[in-house]
Every structure is written in structure tokens, then in C-alpha cells.
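Trainee: Could you take a close look at one part of this model for me, namely its salt bridges and the surroundings of the residues that form them?

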Amino acid sequence: MAGYYVQNFGCRATQADGAALERQFEERGLDRAPAPQQAEIVVLNTCTVTASADQDARAAIRRLHRENPNCQIVVTGCYAQRAPQEVAALPGVSRVVGNSHKHRLAELAGVKSRTSDFGLHTSDLDPPTLDLRLRTSDFGLADSGVGLRASHTAAADSRHEKSFVPLTALVANAGGGELAEGRGPRADVGGPTSDVRVFVSDIFAHTELLAAPVFDAANERTRPNLKVQDGCDNRCSFCVIPFVRGQSRSLPLSDVIREAGALVAAGYRELVISGINLGRWGRDLASGSQLSGFSHGLLRPTPFESLVRAILAETSIEKLRISSVEPMDWTDSLIGLVAGTPRIAKHAHVPMQSGSDRVLRLMHRKYRPWHYREKIQKIREAMPAAAIGADVMTGFPGENDADFEATRKMIEDLPFTYLHVFTYSARPGTPAASMPQQIPVQVARERNRILRDLAAQKKQAFMRSFVGQTLEAITLNVQEGNSTEALTDNYLKMRLAGKRDSNRWVQAQVAGMDGETLVGS
């Protein structure tokens, strides 16, 4: 029986997509290979948030083609959606499946269903032609010059007809290459040109949401992460994500409760909910009636807050952890809910990007520095021991010394316990890529280092404040010698003495610190 392997690159949302892809193959009776070198079908689920992410994907494809030349390489994800013709030209690639078609990837890879004797072939699709253009106008972008000629057929599976526009012909007038009839040119090194099947269409016509719990590779018996939202309706000037993941869309409440309930029934004690723009969950759903029973107080809660209340009410999950939520979605009511509910982890990740008002405006962010400062202060006042993290970018076009100092000073002043610091990377077609005053990479990287050093100091101070105290922590599936790794409710790594079963909440006394790890007993 053919074996498959899914290799994921990038964020939690991509990893969640990868878990859903694995579910597709398993439902068709395929076994997961132990390594890509041993698989007959290898799916590379790519990221495109930075130029280095694209480079990592290309390197992985070339390496896989060298190490397993006979396997079918299927490239999907954000890079495949953004630049299908570029991906199709790489040696060894047999199929390019954009995010628009990811929910049918196993089928499009030719894998037979358990109930069918026939695999899918792109030649089976023969609908009338529909011309599409990439929706760059929504972003204020210049036209990319890539035209999509998509097809639609009544013979296609009716379950998918309303959710996407299938593509059987893609024309790319770039570099003189033409992708037609769902195939693209590939120049194999030292070999003849061969055809690549390409499945990419307008991501804004796509309403499917892949959802399957994902686990850290080393912790497959603890802390599942469930993606409940995908896509983004914001148009940050530096970000390509809306154009590779599409509009904001939500996993229906009934599906969230079903998946969460199944994880609880399987014995998991902590659930992480995530999304591309998690705080926007539910705003695209047709009716709010399914959430009406979870209103609280005189003010109607946001759909996302209602989701959190519903998960707590409808499941017996011991701990719910909320991943990244934009600052303006941290309402007073949500802060109060997280602070006042022991079953919600005391952890707030609030993207910041910059402390400069001028830079935030250039970024098209929807808040000002004083708004952000107020939110963080409210979270700290409500939860004195909470982890508070942020995403910060250095080197955005036009960021001068005063702008950077405003960012550095805000980070110094606010009670952050960790930061994710990124160096700006120009993404093709985004407004920021064509802005004047692009920052030299050496300057951007030095600013990155300064912020990472400051974040490390703040994290150490936060950790020291718990020495001698008792913290709640969940044991992980990692053991070294005579100790067990754990993660505290407020998002600190801890090493516990002795070998312990994974997936157990414990009360641990903090005896000291070892680098970035608490030592507990």
C-alpha cells in the first residue's frame, strides 16, 4: 500500500492544515510513512510569509527530489497559492495544489477512495471556461500580470461546487512560460521538460476551512491545537496572507464543539484554539442564533467571546488556551472572562508590530500606540501573573531611528514576558514592497537583535518572580534523564524532577531557574 508523508512549513495554521491533509489520506486507507525518503507521495505544505520561507521550501523540494526521486511530490500551501508557476518549474514537482484546492488534495493527487476503484485525473474535468484575475484591487496593489483561466463543471462533486472554482487551465504570462490545460513547464536538470498538474484558483471564492487538531512533534499526547478560523479581511500593507488564504471564515460552532468534545473524550486536558485572525471568529457566519444562548450580562458579547463561553459550557476541557488575538479584539469583557475563569490559561498574545504611530499608519494597522498600551495595561491589571506576548517587526520601509526608539521604549515600558521579533521581508505585490526608503537588511537585523535582547531580559525577570511559588503545569511527552518537561498555565517551560506520565496537570513548586526553564518539584 502506498505511503504518504506531509511536511509542514511555517505557522500553526499551516500545521493545522497539514493535520487535515493527513486525515484525507488516512480516510483513503493510506499509511503515514516514517520519513519522506520512504514515502510514495510527499506533500510539502508551504509558507510564504517571508522570502526565507520561500527559499526553505525550494531547498526542501530539491533535497527531496535528490533523496527520493521516484516519489510523487505535491506542493501545496501559501507559496503554492502565491506563485504556482514558480513552484511548478522546480525539479521533481508533479502537482501544485493551492490553498484554494487543499481540501481536495488527496483526491487531486490521484489517491483512490476506499469506496471507489477509480482515482481522479485532471482530464476528467471538462467544464466551460471562466476568466478570473487575482484580487489585487482589494489590496490597492498593482496587477500581478498573472491571469487565471478557471473551469467549472456540473460533473464535479456537488459538495464542492458552491465552495470553490476548480481550475483546469492556468495561464501565466511571466518569463515567457505558459501553463495551460492544468499543466505547467518544468525543466528538470539534465532532463527533458515534463508536465506538472496545477490546481489553483481565486482564493476569494474559497469558503472551505480545513480543521483537524495538530500536535507538537515531540508532544503528540498533549496540548492539541485546533484551528477554528482561517483567512483575513485586514489589509496590512506588508502582508500577503489574505491573498493566499482568502477571506476570513469560521469553523461553525457545532463543528468546533464536536472536535473539542472528541479531544476531551480521547483524554486531552488542554486545548489550544487558533486562527489566522482568531478574534474575528464567527463574524462571517450566517446567523448568530447558534450563539444566542451564550450571551453574558447586559452587553452582547463578540462572537469570539461567545465561542469561548460555548466551549467551556459544552465540553469538560480542563484548560482552554487562546492563541494570538489582535489588540482591538481584546474587549474588556473578554479580558474579564479570561481573568475570572480558572479553566482558561492566563496567557495573552497580542500582535503589536510597531510602537510608532507613523509606522503603524504606513502598515495599515487598525490601532494607535496608545490603544495598544491601554489594552496591555488592562490585561496586566486583570491578570498579574499572566504571560503577555507580542509580534514585533523591525526594518519596515521608512522606519527611522525615532520610530525604532518608540518601539523599543514601548516594549521596555510594557509588561511583556516574551516577544516574537521579525525582520521585515518584502513580499511581491504588497504595497510595502514598493514603498520608498527600504531599510538596509543590516540595520533591520541589528534592531531585531536589540529587541530580542530586551525581550530576553524581560522574560528572565518574569521567570524569577515565580521562584519559591507554586504554579500549575501540564506534563509533556518529553523526558530527559530523570526529569519531565512541563508547561505552566502562564506559558513558561518547566523541568520537573522524576519521570511522570504526560498530559497531567500538576501543582509544582518552583525551586529555581536553568536558563529559560523553571526548575520545579
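Mentor: D357 is partly exposed, with a relative accessible area of 22%, where partly exposed is the range between buried (under 20% relative accessible area) and exposed (over 50%), computed with a 1.4 Å probe on protein chains only. This is a predicted model, in which local features need pLDDT of at least 70 and side-chain atom pairs count only at pLDDT 80 or more, whereas totals for chains, interfaces and linings use all residues. Residues are numbered from 1 along each chain as its sequence is written, and side-chain values use heavy atoms, with hydrogens and water left out.

The partner of D357 is R361, and their side chains meet in a salt bridge at 3.0 Å, N to O, the term standing for a side-chain nitrogen of Lys or Arg within 4 Å of a carboxyl oxygen of Asp or Glu. R361 and D357 are four residues apart in helix α11 (residues 357–363), about one helical turn, a helix being a DSSP run (H or I) of at least four residues and a strand one (E) of at least two, numbered from the N terminus. R361 is also partly exposed, at 48% relative accessibility.

In helix α8 (residues 253–265), R258 and D255 lie three residues apart, again about one turn, and their closest N and O atoms are 2.8 Å apart in a salt bridge.

K459 and E516 form a salt bridge too, at 3.6 Å, N to O. This pair links distant parts of the chain, 57 residues apart, with K459 in helix α14 (residues 441–464) and E516 in the loop between β21 (505–514) and β22 (517–520).

Finally, D17, K102, K227, D230, R245 and R249 are linked in a network of salt bridges, and the count by this rule comes to 37.
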